[in-house]
Amino acid sequence: MSEGTAKKEERRKFQAIKGTRDLLPPETALWNRVEQIAQKVFASYGFSEIRLPIFEPTELFARSIGLDTDVVSKEMFSFTDPANVIKSLVQDALQAGLGVDLKNFEQAFQSSIEEKVQFISLRPEATASVCRAYIENNMQQLPQPVKLYTFGPMFRRERPQKGRYRQFYQVDAEVLGGSDAPGIDAELIEMVMTFFDRLGLEGVQLDINCIGDKKCRPKYAELLRAELSKVKDKLGPDSQRRIETNPLRVLDSKLESEQKLIEGMPHIADHLCEECAENYRGVKKELELRGVNYRENWRLVRGLDYYSRTTFEITAKGLGSQNAVCGGGRYDGLMELLGGPPTRATGFAIGEDRLILSLQEAGKTPAPQGRDVYIAWMGEKAYATAVRVAKNLRAAGLSVELPPVEQKFGKALGQADKLGARYALILGDNEVSSGEWTLKTLATGEQAKFKEADLLDHLRKARGLSS
RNA sequence: GUGGGAGUAGCUCAGCUGGUAGAGCGUCGGACUGUGGCUCCGAAUGUCGUGGGUUCAAAUCCCAUCUCCCACCCCA
C-alpha cells in the first residue's frame, strides 16, 4: 500500500507545462477531420504540402517579424546550442586565469560566442520558415507562383487564456512568387472560406482591408499619429502609448470610451497611393466575382511588420475574446528582407485550436470511434478461432476488438456495448464445433448464424450500406 | 508583465460561524458460471494544490507559493 501511494505521488509530480495540453481521443478525431479536409480543399486549389522544422535560427524570426514586436522581444522560446555555452565560456576564462568582467561580458565574449554558439528559437509562426525554405531550395525556379501549405505547432510565451496556448497549432498557406494580381489574394481568401464552409464552421465573418505599402503607409501612419495626438488626453494609457509605438494599433482598441474618437480618424482608404488603391479595388471586385461575402473594415490592421496591402481576418462564433480564427495578408517585401530575390507573396494562418473550439461549441464533434466487431469468445478452442478471425476481419478493414482474456458472455457483451461496437461475434464451444457462428447486432439485439466463409461477406455488405 | 475567479475521489461538486471528509456519475465485483443496455447490492481510490502560521483541534481562519480558468497587454 505504501508502495502504491509513493507511486501515485511520483506520477503527480509531472504535469503538462503551462500553456501546453494533451489532445485526447474523442477530440483528436476532430483534429484529423479538420486536417484531412484542409488537405483536400487546398489540393483542389493547387497547393502542395511543405513540412518544416519546428525550430529555426532566432535571427530568422527577428528579421521577419520585427525586433521590436512583442512576439520577438519577449514571447519566443529561445535557447542556445550548445545549451550551457555561456557557462562553459566563463569556465574557460577562469581556467585560463582571466578575470570575468560582468560589465563587459558581452563584448569580451562576442567573438567566441559567434563562433561557437547558435541561437535558436521555437517558431512562433510559419511564414518566415516557408520563405526561408523557398529561398534555400531555389523555388523561384519552379513555375510561379508556388503554392504551399503546412500544419503544425507554433510556440509563443504568452499568458494562456481561452483559445490561446503557448503551444498552439496553425494551418498555414502561402502563395509565393508570381504577381500581385488581385486574383491571387481573392483566390486565397476564397479557398479558406471554402474550407470553413466545408467544415460547417458557424458565424463566419470575413473582414478585409488594405494597409498600403512602403510608399503610402508611413505617410498615413504619420497623419494618424498627428490626429491622435490632438485628442491624446481623451485616450486611455494603452492607446496613448501606441500613438508612439504603432499608431495603427490604436484603431484596434476595444475600449468603449475610445470608440467615438476612433471613428472620426482618417481612413487609410483615402490615403492609399494609386497602385494600392487600384489593387484594393481589384481584390474587392474579384471577391464579388467569386461570391465571397466580405466586410470592409478600415480598422483592421496587422501586428506584424511585414504585411502590406491586402489584409484580412476571419472570426467565428463560440470563441472567447480571442475570436479571430484566421488572419492573413500580402507581404511583398519579406522575401528580400530575408536575403532572397524580390518575390511577391501572400498567405494566411488559421488558428487550429480556435477552429476546433468553435466547431466543438457548435456541436460538430464527430461521434467517438466505436468498433465494428467485438469478439466474445469462450474456451481455448474458440480463442484460436477468434485470433484467426480477428486478423482476417482487420485485414478487410474492419475495426475489431479481441479481448485478451476469457470473459463471461455477459461481461463480454457489456464491454462490447460500452465500446460502442456494432456487432458482437459470439464464439463458444457450440459455434466452434458446429461451424455456425453467432453474430449479434448490439443495437437491435438480433442474432444470426453464419458460416466462417459467409461472415466477412455479410459484414462487408452491411457496412457498405450504412456508410 | 497586469487584474479577477478557482483548486476537496478518475469526473461534476457538497461540506453553515474550526471538532482531522461526503454525494452523484464513472470504474471494478456480485445478484445473472452462454447473452449487453434497466434494476438492486457491495468495493476501491483523497497526504482536502503545496509549504508555513494561529489553535487543545484547520478542508474551514491568516501568510506565502504553485497550478488552472477568464480578461488586459500583444497577437492567429
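Contact here means heavy atoms within 4.5 Å. Helices (H or I, at least four residues) and strands (E, at least two) are DSSP runs, numbered from the N terminus.

This is a predicted model, in which local features need pLDDT of at least 70, side-chain atom pairs count only at pLDDT 80 or more, and totals for chains, interfaces and linings use all residues. Residues are numbered from 1 along each chain as its sequence is written, chains are lettered from A and ligands numbered from 1 in the order in which they are written, and side-chain values use heavy atoms, with hydrogens and water left out.

**Stop 1: helix α15**

Select residues 352–361, which form helix α15. Eight of the 10 residues are buried (under 20% relative accessible area; exposed is over 50%, partly exposed in between; 1.4 Å probe, protein chains only). Colour the buried ones: Glu352, Asp353, Arg354, Leu355, Ile356, Leu357, Ser358 and Leu359. Now show what they pack against: α2 (25–44), β6 (167–176), α8, β10 (324–330) and β11 (345–351). Step past the helix to Gly363, whose phi is positive, near 70°.

**Stop 2: the largest nonpolar core**

A nonpolar core is a set of buried Ala, Val, Leu, Ile, Met, Phe, Trp, Tyr and Cys residues joined through side-chain atoms within 4.5 Å. The largest one has 91 residues. Select Phe42, Phe195, Phe196, Phe348 and Leu355, which touch the most other members. Another core lies apart, with 20 residues, including Val373, Val400, Leu427 and Trp437.

Centre on Phe348. Leaving aside neighbours within four places in sequence, its contacts include Phe42, Val171, Leu188, Met191, Val192 and Phe312. Asp172 and Glu174 are also among them.

**Stop 3: α8 against α13**

Show α8 with helix α13 (residues 274–289). They pack at about 45°, with their axes 8 Å apart. Axes are lines fitted to C-alpha atoms, for helices over the stretch in contact, and angles run from 0 to 180 degrees between N-to-C directions. The two helices are therefore oblique to each other (under 35 degrees is roughly parallel, over 145 roughly antiparallel, 65 to 115 roughly perpendicular, the rest oblique). On α8, pick Pro182, Gly183, Asp185, Ala186 and Ile189. On α13, pick Asn279, Gly282, Val283, Glu286 and Leu287.

**Stop 4: Lys284**

Stay on α13 and select Lys284. Is Lys284 buried or exposed? At 17% relative accessibility, Lys284 counts as buried. Lys284 touches Ile208, Tyr294 and Glu296, not counting residues up to four places away in sequence.
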